[in-house]
Amino acid sequence: MSIRFRAILIDASVSCNRPRATLPPGGKRTYNGAMDLRPQDDPPLRCRRCRIELTPGRGDFYVVHVEAVADPSPPFFTDEDLARDPRAEIERLVEALAGLSAQEAMDQVFRRLAFLLCGPCYRRWIDNPVG
Ligand SMILES: [Zn+2]
């Protein structure tokens, strides 16, 4: 399985899909308050690791996208594999997948998630993302 990490400095992608807020967190109007698209009743954004509250527009946090893909290499077949009855192999695979939901089957080969990290947590994470 290959894992690819991609981290980007916070941008509008966090809040662009949300409805417009009446006031930014804390109730203070700022010069770019009209660009804060988070509704007031949304829970505050928090760092995934330390849970500190994050403020959009301050540039003090990161959105980390993680994408994990099962080995994308072409399958390797032995002579023994090729000697098997393909119909029986297909039936075996169908039976193995029968107990799984479509999502569970998909999760076995592809996962994508995103989370927020504050600056200090990001710097610790990026230096050792699998530690
Ligand atoms: Zn943190």
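In the predicted model, helix α2 spans residues 86–97 and comprises twelve residues. The distance from its first C-alpha to its last is 16 Å, close to the 16 Å expected at 1.5 Å a residue. The number of buried residues among the twelve of α2 is zero, so the helix lies largely in the open.

The protein chain contains 131 residues, of which 8% count as buried. Contacts were also examined by separation in sequence. Among those between residues at least 6 apart, 63% join residues at least 24 apart.

The largest nonpolar core consists of eight residues, namely Cys-47, Leu-54, Phe-61, Tyr-62, Val-64, Leu-117, Cys-118 and Tyr-122. Two or more of the core residues are given by each of the strands β4 (61–69) and β5 (110–118). Strand β4 provides the largest share of this core, with three residues.

One member of the core, Leu-54, was considered individually. When neighbours within four places in sequence are left aside, Leu-54 is in contact with Leu-45, Arg-46, Cys-47, Asp-60, Phe-61, Leu-116 and Cys-118. Among these contact partners are Cys-47, Phe-61 and Cys-118, which are also listed in the largest nonpolar core.

Notes: Residues are numbered from 1 along each chain as its sequence is written. This is a predicted model: local features need pLDDT of at least 70, side-chain atom pairs count only at pLDDT 80 or more; totals for chains, interfaces and linings use all residues. A nonpolar core is a set of buried Ala, Val, Leu, Ile, Met, Phe, Trp, Tyr and Cys residues joined through C-beta atoms within 7 Å. A residue is buried if 20 or more other C-beta atoms lie within 10 Å of its own, exposed if 12 or fewer, and partly exposed in between; C-beta atoms are placed from the backbone. Helices (H or I, at least four residues) and strands (E, at least two) are DSSP runs, numbered from the N terminus. Two residues are in contact if their C-beta atoms, placed from the backbone, lie within 7 Å. The expected span of a helix is 1.5 Å times one less than its number of residues.
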